[in-house]
Amino acid sequence: MNVPLWLWVTTVLVIVSLICVDFVIVARNPRKPSTREAALWVSFYALLAVAFGAALAFTAGAEHSIAFYTGWVVEYSLSIDNLFILILIIGSFQVPPEHQQRVLLIGIGLALFFRALFIVAGAAAVEAYVGVFYLFGAILLVTAIKLLVSADHDVAHAEYKENALVRTVRRVLPTTDRYHGARLTVLLGGRRHLTPMLLVVIAIGMADIVFALDSIPAIFGITQEPYLVFTANAFALMGLRQLYFLIGSLLTRLVYLNKGLALILCYIGVTLILHAIEHTTDLPVSSPPELVSLGVVVSLLILVTVASLVASRNHRQRESVSDSEAR
């Protein structure tokens, strides 16, 4: 796929402009959006991604369009799972409701920056030696195993453990215990102090790096085109702020989400290894086509969502019966 420089520049400028507009909206009206407002914004960004994929089909061909859609769905699914961690971080730092949108936008900006760096590094590694797909596949398989053995999401009872960088900052630098608006630092008693706002940004930034370590190998398992890898990640991140407020309270109902993502990552990991074997050996193997991968990913997500909602409904019904019997 030959992408001219002007298209790269235009794409990056449009994406950055959308994020900047989002930031201006939040800065002017720092509040928790309504469910209807969040749903409209999420729908807007989803339709934007669908339109972009359709444009790819007309300009670059159906193969690239399918690869984009598959990558976008995978990255969007991983972003939903990442929301669980964001909820824990924001809850642990007790970020005031009026500042949560700002924190999320900063996190999205950092995520896009880190993923762009990983995309450049990943593309260079793939160009230098196709055998790097063995490593990418192994990373995804290890991540899949961790997800399979991990406990189901439980936002109400889970706890966030501060990473080493945040603990070091707290220990070395003076920090305040309360927020001072949206300020990152504040002058108290003639001495500069860090506010919890800066600490939560650091925590989310570190989480973004961990997220990128999983998501970039996953998207390279779908397509090796840097332009498609970048745009799939960008569209998956846009609207994440609104998605946080839209499904944050519903995330606990997706009890099998991490299991479904584990199966998806396992499938992509095997695909990456098959791709590496195909290009580094003479064995008669080949990785599945993009259309098959799209079908597998979408089918798994539908199955996981339906199973999760059914399990959550049955659990609530059992609790209701238990409460009635207790009375």
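Biologist: What is the relative accessible area of Cys 20, and is this residue buried, partly exposed or exposed?

Modeller: This is a predicted model, in which local features need pLDDT of at least 70 and side-chain atom pairs count only at pLDDT 80 or more, while totals for chains, interfaces and linings use all residues. Residues are numbered from 1 along each chain as its sequence is written, and side-chain values use heavy atoms, with hydrogens and water left out. With a 1.4 Å probe and protein chains only, buried means under 20% relative accessible area, exposed over 50%, and partly exposed in between. The relative accessible area of Cys 20 is 42%, so this residue is partly exposed.

Biologist: Where does Cys 266 fall, and how many disulfides does the whole structure hold?

Modeller: Cys 266 has a relative accessibility of 32% and therefore counts as partly exposed. A search of the whole structure for disulfides (pairs of cysteine sulfur atoms within 2.5 Å) gives a total of zero.

Biologist: Which residues of α2 are buried, and which residue just after α2 takes a positive phi?

Modeller: The buried residues of α2 are Ala 38, Val 42, Tyr 45, Ala 49, Phe 52, Gly 53 and Leu 56. Just after α2, a positive phi of about 110° is taken by Gly 61.

Technical notes: Helix = DSSP H or I, 4+ residues; strand = E, 2+ residues; numbered from the N terminus.
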